[in-house]
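Welcome, and thanks for joining this short tour. Keep your viewer open and select along as you read.

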Amino acid sequence: MGLLSGYRVVDFTSFVSGPTCTRLLADLGAEVIRIERPDKKKGSGPYKGGERTVDLGLMRGKKSVTLNAKDPEDHEILMKLIETADVVVENFRPGVTARMGVSYQDVIKINPKIVYTSISGFGQYGPYKSKGAFDIIAEAMSGFMSITGERNGKPVRAGASIADIFSGVEAAYGTVAMLLNREKTGEGNYLDVAMLDTMFAVCNNPVTQYLCGGPVAQRIGNEHPQDVPWDDFPTKDGRLVIACARTNLYAKLCEVLDCREYIDDPRFCNDEVRLINKEACHEIVRNHTRNWLTADLIAACDKAGVPCATINSIDQACENESIKARGMIATVTHKTAGTYQLPGSPLKFMHNPVELTKGSPILGENNREIFSGLGLTKEKIDALLAKQAKVRTFFKEFEMD
Ligand SMILES: CC(C)(COP(=O)(O)OP(=O)(O)OC[C@H]1O[C@@H](n2cnc3c(N)ncnc32)[C@H](O)[C@@H]1OP(=O)(O)O)[C@@H](O)C(=O)NCCC(=O)NCCS
């Protein structure tokens, strides 16, 4: 049993930010019920078994119900469902939930203890509240993009959609905190998470530095703003990254590279002077790492306790022995995609471990289960699904299961 089993979440999310929040709740065992339009269009591929692989990853462990919130009959069913829920999560543009009749104000009338989480680009209040946003917008506006990339290159976004992902993580963290508080006080709450705020908070180190009177941070590639040596370094047969956050680790690296004379060198003997003489220090390290085979240098650094790694591609990461040993590749099942693999949960609880077995749902997979649980008769459900079948765009074959 997952740590959040017994909690019911009504999930009005799309794209990545909101679905990341509800994925984290589902991973811990919450019953997450996605509300999707019966005429929902699929986005771009790649696909497996007729589903987008992005959805196979993000929607795992969730249920799917098709309802058109703007249809009065469907809306009535939706409100019945929300009455039974502990949590609502949505990531529409502010104002959309009010038009759908499922805003926080609508919901507390029928379920006053609800925990309700909204994710948006710029928040439910503020000058940009009605602007839409995607990952790159928040990465750009927050300052994050300006400090990411090569020193002389253009600003770049991160290789994964971290503005979406961090917003989802913050939202899940806030949602669980609201649930904990509800256990103590019996009171619900409302959470407003903005992607811009999240990415600004991600820039905690450079923002605090600036606000404390320090310089405006710049792009420095793989280097670290404070710690030296810290970069990717060439070897005889490739590259590796080495990270020495303090002088004790720098000294160990000098031992490994057989250049002990630099340990007490006045240019490098403490954290401050190494930062001032960063390029000279990195040049010395580069000149030594070039004489090593990558595997030998990794082995020597590991033995000495110096943090280092090869720069893996995604397929290489999937083969990594630590990833495998810690159960970070889970196998789940899906109605049309069959069995497939995805990243496991990094939360390794001693009790109530996370167990991922169920893949993402197909559109409307749980219609009958959820509707009959709400007391709808078989005749009523048949009629509802027959009405929806006229606008369904995919997986019609499962419509009347
Ligand atoms: C992502 C985003 C830009 C997309 O914009 P959009 O395609 O114009 O979508 P909106 O959120 O404005 O509106 C969704 C529409 O679908 C409708 N809709 C969605 N699900 C529905 C349902 N089950 N039943 C009926 N209508 C539904 C809504 O009512 C709304 O229509 P309306 O504007 O005519 O009332 C916007 O949703 C946004 O900024 N979200 C917040 C930030 C975010 O999370 N971005 C994604 C990061 S991964």
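## A walk through the salt bridges and the ligand site

Begin by selecting Asp11, Arg34, Glu36, Lys40 and Lys62: a network of salt bridges links these five residues. Please keep in mind that this is a predicted model. Side chains of opposite charge can pair when their charged atoms come close. With a cut-off of 4 Å between a side-chain nitrogen of Lys or Arg and a carboxyl oxygen of Asp or Glu, the count comes to 29 salt bridges.

Select Asp27 and Arg60. They form a salt bridge whose closest N and O atoms are 2.8 Å apart. Asp27 sits in helix α1 (residues 17-27), while Arg60 belongs to the loop between α2 (53-58) and β5 (63-66); the two are 33 residues apart, and the pair links distant parts of the chain. Are these residues buried or exposed? Both Asp27 and Arg60 are buried.

Next, select Asp71 and Lys387, whose side chains meet in a salt bridge at 3.3 Å, N to O. Asp71 is found in the loop between β5 and α3 (72-83) and Lys387 in helix α17 (residues 378-389), so this pair ties together parts that lie 316 residues apart in sequence. Lys387 has a relative accessible area of 29%, which makes this residue partly exposed.

**Stop three: a pair within one helix.** Now move to helix α12 (residues 278-289) and pick Glu283 and Arg286. Their side chains form a salt bridge with an N to O distance of 2.9 Å. Because the two residues are three apart in the helix, about one helical turn separates them. Arg286, at 14% relative accessibility, counts as buried, whereas Glu283, at 32%, counts as partly exposed.

**Stop four: the ligand.** How many residues surround the ligand? There are 22, and the closest are Ser17, Ala69, Lys70, Asn91 and Ala133. By type, the shell divides into eleven nonpolar, six polar and five charged residues.

An N or O atom in the side chain of Lys70 is 2.6 Å from an oxygen atom of the ligand. For Arg93, a side-chain N or O atom comes to 2.9 Å from a ligand oxygen, and for Arg99 the distance from a side-chain N or O atom to a ligand oxygen is 2.9 Å. On its own the ligand has 940 Å² of accessible area, and the protein covers 79% of it. Highlight α4 in particular, as its three residues are the largest share of the shell.

**Last stop: the whole chain.** Zoom out and colour by secondary structure: the chain has 17 helices and 13 strands. Its C-alpha trace spans about 85 × 45 × 40 Å along the principal axes. Of the 401 residues in the chain, 44% are buried.

To finish, colour by domain. The domain assignment gives domain 1 as 8-202 + 324-398 and domain 2 as 230-312. How far apart do the C-alpha centres of domain 1 and domain 2 lie, and what does your viewer show? The distance between these centres is 44 Å.

How values were computed: Residues numbered from 1 in each chain as written. Predicted model: local features only at pLDDT ≥ 70, side-chain atom pairs only at ≥ 80, totals over all residues. Heavy atoms only, no water. Helix = DSSP H or I, 4+ residues; strand = E, 2+ residues; numbered from the N terminus. Buried < 20%, exposed > 50% of the residue type's maximum accessible area, 1.4 Å probe, protein only. Near = heavy atom within 4 Å. Polar contact = N/O pair within 3.5 Å; in protein donor to acceptor, adjacent residues only side chain to side chain. Areas by Shrake-Rupley, 256 points an atom, 1.4 Å probe, with all protein chains shown as cover. Nonpolar A, V, L, I, M, F, W, Y, C, P; charged D, E, K, R; others polar. Domains from an automatic or database assignment.
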